[in-house]
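Dear colleague,

Please find below the structure that I am handing over to you.

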Amino acid sequence: MLEKALEGQPRYWGWLIFLLALIGAAAFGYSFQYREGLSITGMSRDVSWGFYIANFTFLVGVAASAVMLVLPYYLHHYKTFGRITILGEFLAIASVVMCILFIVADLGKPARVNNVLLHPTPNSILFWDMIVLNGYLFLNLIIGWTTLAAERKELPPPKWVKPLIYLSIPWAVSIHTVTAFLYAGLPGRGFWLTAILAPRFLASAFAAGPAVLILLSFLVRGLTKFDAGKEARETLAKIVCYAIIMHLFFFFLEVFTVGYSMIPSHLAHLKYLYFGYHGAGGLVPFVWTALVAGFAAIVLLIVPRFRQKEGLLITGCILVFVCTWIDKGMAMISGGFVPNPLHEVTEYAPTNLELLITFGVYGVGALVLTILYKVAVSIKQQEELR
Amino acid sequence: MTFNRRDFLKVAGLSAAVGLGGNAAFELIFPGQVDAAEEMKQSPTELTAKRWGMVIDVKKLTPGLRKTITDACHINHNVPTIEPPKNLKWIWEAPFEHVFTEVEQEYLEEAVKESPMLAMCNHCDNPPCVRVCPTKATFRRADGIVMMDMHRCIGCRFCMAACPYGSRSFNFYDPRKYLPDPVPNTAYPTRTKGVVEKCTFCTERLVTGQLPYCVEAAQGAMLFGDMSDAGSAPRKALRSRFSIRRNPGLGTQPQVYYLV
């Protein structure tokens, strides 16, 4: 099947070369980080996680959202998703690959990453995160590849893959729950110490992932004539819409609990993010952008007349991406560290090298996604020609 | 019997899997059992305790003394001097209102609010940093000291997010670049970039029968001893004066007490 990725128009090869160049540049940037340590980042003693972990958190959500396709298609036999489910599964694979790369990029001693396996520590949530992320990667690789290979031979997927598909449904929920638990179980960080964190993560994930997938399906249609289907996108758009509403509702619940109880160690973080705290307010414009984008997206996606117009659907999906990427990325991570447990304020902003390395990781994700989509689309189109 | 390449690979793969998983599986079923046999004294003069703890007499701390104490620790442990915000600190001065954030008291005397305290690792009975560490690079010893294994730490900084006292520092830089050559204390190891470090209650000194550097430098303002022994210096001090701990409401059971 992989041979499908070895044939293509000059445009395809040009794109791959561009991605490889980007990855090469980022690898060069990373060589500085490897030599000089994380000193080349904007992170500090007080804000000890930054852009890498922010993007990691967001992408776990994108990965988990494949369940929004797998569940209707395989469990409820929703045939409309027949052409788009494979795109969702492959997006999950590319996302998990990026997640793992972001974690490794964030380590002070990346060469020792195997210590997590050599000294397994079940009381650490990071140990479980490693298990669920790797497990999810393999589940999606096996499921996506096997179903596609069967389709190519015009056969139904083998029976043994069914249990794996069913397993992947709760597994998808688990990856984002465990990721939320990384933060939600820390006693001194009021911003994260809330039971709504995992549900809020899942809600924003089920908005962000399908929104990205809708955008990708338009891109694939424009480039290859393979159309995942208007009806499939329409259903996905509804999922995005209700998920982003849930996300903003959960956010409101958090704001109420924190705002009405007025417990300073919880309130200080929201104050910092939305209004600035002791003269520091670097994220204020971003979080308000996210909030406005979220509400604007609801308007565009909830009204059928708007949703059915491709231009507005695309705009709505971009707004959802902006909203969730800011909210679950920088705002979630920096917001939790500022102020620190001693109520001191140190702000964080990524450095240029940090940004370059981040783009490089996205480049790897795009490369994996391009190759997987090339294979999937080639096989789907071949099948339709017959 | 024929033993072809395929069979060999099967056996080799299986043994590798068992080898990798063996110790791991043991750890899962009997956590901590592997290194349980450690209760032996390393030297006849070693100081031992059931539960080490510290008392800081805030009233006895003068500005000069606070500097002597922090210098004694940082110089002897080869802690590099780096500008904030990527700095490292094992024991440091901070205003009362930042060290004791939970004592929200608007009308607290300005002098008290801003009076500098000493902050350090609390060697909690229930340490969140140990709970979150994915490699057991940070662990709690039988005598209560929360220790670091600099050779096992992968630098994920989960412990820094978990510590509610800001007591952990990360080596963003290669610390040796910020230390004179030779280093201030050649008997104590320097660290490498990419690992987390913090106060260790001077385990290296307890082994040779000496008290921690800070206690030695504090001229009676810091007391160190066995908290399980009612006759120990810190326990006696706690009986005579009112004391507080940093954010005890979090359930971490800090073992550094402040006489105020």
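Helices (H or I, at least four residues) and strands (E, at least two) are DSSP runs, numbered from the N terminus. This is a predicted model, in which local features need pLDDT of at least 70 and side-chain atom pairs count only at pLDDT 80 or more, while totals for chains, interfaces and linings use all residues. Residues are numbered from 1 along each chain as its sequence is written, chains are lettered from A and ligands numbered from 1 in the order in which they are written, and side-chain values use heavy atoms, with hydrogens and water left out.

I begin with chain A. Helix α3 of chain A covers residues 67-75, and its buried residues (under 20% relative accessible area, with exposed meaning over 50% and partly exposed in between; 1.4 Å probe, protein chains only) are A:V67, A:M68, A:L69, A:V70, A:P72 and A:Y74. These buried residues of α3(A) pack against several helices of chain A, namely α2 (51-64), α4 (85-106), α6, α7 (161-184), α8 (197-224) and α9 (230-261). After α3(A) comes A:H77, which has a positive phi near 50°.

Helix α6 of chain A, residues 125-152, contains A:F138. Together with A:L141, A:I142 and A:W160, A:F138 forms a nonpolar patch on the surface, with about 390 Å² of accessible area in total. Patches are made of residues with over 30% relative accessible area and no salt bridge, where like charges are joined within 9 Å and nonpolar side chains (Val, Leu, Ile, Met, Phe, Trp, Tyr) within 5 Å. Accessible areas come from the Shrake-Rupley method with a 1.4 Å probe, and for residues only the protein chains shown count as cover.

In the loop between α13 (310-337) and α14 (352-385) of chain A lies A:P339. The peptide bond that leads from A:V338 to A:P339 is cis, with omega near -5°.

Chain B has 9 helices and 10 strands. Of its 260 residues, 50% are buried, and chain B exposes about 12800 Å², with 58% supplied by carbon and sulfur atoms. A cis peptide bond is also found here, between B:D181 and B:P182, with omega about 0°; B:P182 is in the loop between β6 (169-170) and β7 (196-197) of chain B.

Two residues of chain B deserve a note on phi. B:C202, in the loop between β7 and α7 (203-206) of chain B, has a positive phi near 50° without being a glycine. B:C202 counts as buried because its relative accessibility is 6%. B:N247 is not a glycine either, yet its phi is positive at about 40°; B:N247 sits in the loop between β9 (243-244) and β10 (256-259) of chain B.

Lastly, the two chains meet. The contact (heavy atoms within 4.5 Å) takes 45 residues from chain A and 49 residues from chain B. About 3900 Å² is buried between chain A and chain B, and carbon and sulfur atoms give 57% of that area; buried area is the accessible area (1.4 Å probe) that two parts lose on being put together, summed over both. A:R45, A:P187 and A:L342 supply 21% of the area that chain A buries against chain B, more than any other three residues.

Between chain A and chain B there are 2 salt bridges, a salt bridge being a side-chain nitrogen of Lys or Arg within 4 Å of a carboxyl oxygen of Asp or Glu. One of them joins the side chains of A:D106 and B:R157 at 2.7 Å, N to O.

Yours sincerely
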